[in-house]
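Please keep the sequence and the model in view while reading.

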Amino acid sequence: MISLNNVTKYYPMRDGERHYVLRNVSLDIPSHRSIAILGPNGAGKSTLLRLIGGAEAPNEGSITTEADISWPIGLSSGFQGSMTGRQNIHFACQINGLTDDETQQVIDDILDFSELGEYFDMPIKSYSSGMRARLGFGLSINFDFDYYLVDELTAVGDITFKEKAKKEFKKISEKSSLIFASHSLNSLRESCQSAIFLHDGNLEYFEDVDDGIRAYESYIEKKSGTVPKKSARKGAKKAAKKAARKAIRGAIKRATKRASRSEPNNKNEK
Amino acid sequence: MPIKIKEQSPWKSQVLVIKALFKRELITRFGKYKLGAVWVLLDPLLTVLFLGLILGPLLDRSRGEIPYIFFLLCGFMLLKMVTGPLNAGLSAVSANQGLLVFKKVQPIDPFIARFLFQLATNALALVVFCIIAYWIGVVMSLEHLFKAAACVLLSWLIGSGLGLQLGIVCHRHNELEKVVGYMQRPLLWISCVIHPLDGVPPEYRVYLLYNPLVHTIEYMRMCLFPSYVVDDVNLIYPAAWALCVITMGLITYRNNRHFLTRR
């Protein structure tokens, strides 16, 4: 269990005012349940994960737990751009007190999982966001935690990575829990049982993830001012799907063309 | 099979973190150069050679039996013991922001790792230069080796205290970084790096003696070269400085530690 006791977190803004992410919030996050973190952009989902992971401290109140919690596994966090993937992994293993054998085992496993190939020995700043996600996720699943904090990780991955991540999420939820912040409601529904809805400095806990998603959707609708009809929404969804499929097909065509054209150049760059 | 992270004592955990950060400094500092760690020696040597070539003929060269280059090297290395950690501290947090997500890496750790890195590299260079000087026949005494080491350590402690304090303050107020840069310019001239304290008229000597670096640099020369004699310098004054700046640095850190982890 993770207990938030009267937690307040704010950031000072330019004009001297405070932007509150959490305002005097108390909540017990139960264990052995995977939890979705919902909230509009800028509500503070990443900050909440950083608070739970201990990377940042609350301004008031405290967060107490007996459990082992991972660092937030996200796109920007945990890696130093000037070091290569291998050096970053070495760093993470070293600070956690792993032996050389264990470190080697972790590196082999990550090489296999992330499929980075030669890029494993390139500086992280040359990685695409998908490659970063693969490396970061590969690192953290090599450690045994009670809670894994995941921040919008799968959004940037390709299909293979998404499949792999789904499998790993399933494995994780067998004995640990996931705390997963994302805007992709489908993947939240798939991997989480409960939900926390973060808005206006408040946390709402929902035992059932679907209830949380409903609350989130109705909040967004209220905020944007328009309440679209159910049928209209369905139609729009269909149209949007069609358009998306078309766009993806076009993009794939273009990408393959570009790739075949630029392949010889790529070699030179390396 | 996932690995369970073993629980460690805070002390051991911090040692592990600082070791890892030290290694990271080594990689990023020297990894990009073909000559690698040789630059630890080349960097001060080239600076001093240029300075010596320009200033040597201008200034009176007879400082006892010390060749001007070694006179200069001695002062310059101690100056680096202060400016090295100071400048390393200025970017310590921003250069390691990505690694601060690990709960075990606290913002003070990159500072400590960088200060130790400066101490190790500059002390190594200093030892090598001393060996070279001894080898080519400069009259040196090893009698006061401990006092000489104290001069080095005190300079480093002053630099580290300033680095911690200014690093945090500059992280809060970016403009100050520029000011700190300008403040360092005159250090070469007011710290007795390029001239001996004796060369300064007595009525101005009093003001120079407020600078703790004058004490450590001149004291160190006195320890290493038996023919070199200076009055008025002591080690108590720079030690008091070191104590003050480190205390102030740690207080500043304690008051700002939550600010530093913020992205």
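A residue is called buried when its relative accessible area is under 20%, exposed when that area is over 50%, and partly exposed in between, with a 1.4 Å probe and protein chains only. This is a predicted model, in which local features need pLDDT of at least 70 and side-chain atom pairs count only at pLDDT 80 or more, while totals for chains, interfaces and linings use all residues. Residues are numbered from 1 along each chain as its sequence is written, chains are lettered from A and ligands numbered from 1 in the order in which they are written, and side-chain values use heavy atoms, with hydrogens and water left out.

Chain A contains 8 helices and 9 strands; these elements are DSSP runs numbered from the N terminus, helices being H or I of at least four residues and strands E of at least two. Chain A has 270 residues, of which 45% count as buried. A contact means heavy atoms within 4.5 Å. Of the contacts in chain A between residues at least 6 apart in sequence, 66% join residues at least 24 apart.

Helix α4(A), residues 129–140, illustrates burial in this chain. Because 10 of its 12 residues are buried, α4(A) is largely enclosed by the rest of the structure. Among the buried residues are Met131(A), Arg134(A), Leu135(A) and Phe137(A). Their cover includes the helices α2 (85–95), α3 (100–114) and α5 (159–175) of chain A, along with the strands β5 (143–144) and β6 (147–151).

The spaces are found on a 1 Å grid over the protein atoms alone: a cavity is a set of points where a 1.4 Å probe fits but cannot get out, a pocket is an open set with protein on both sides within 12 Å along at least five of seven lines, and lining residues have an atom within 4 Å of a point. Grid points are joined across faces, edges and corners, and a volume is the space filled by probe spheres set on the points. The largest pocket holds about 980 Å³ of space. It is lined by 41 residues, and those closest to its centre are Gly53(A), Gly54(A), Lys103(B), Lys104(B) and Gln106(B). Gly54(A) lies in the loop between α1 and β4 of chain A and is partly exposed, because its relative accessibility is 28%.

The whole structure has 2 cavities of 30 Å³ or more. The largest cavity has a volume of about 90 Å³, and residues of chain B line it, including Phe70(B), Leu126(B) and Phe225(B). Helix α4(B) gives the most to this lining, with 4 residues.

A disulfide is a pair of cysteine sulfur atoms within 2.5 Å, and the count over all chains is 0. The sulfur of Cys151(B) is 5.0 Å from the closest cysteine sulfur, that of Cys223(B), which is too far for a bond. Cys151(B) is buried, since its relative accessible area is 0%. Cys244(B), in contrast, counts as partly exposed because its relative accessibility is 47%.
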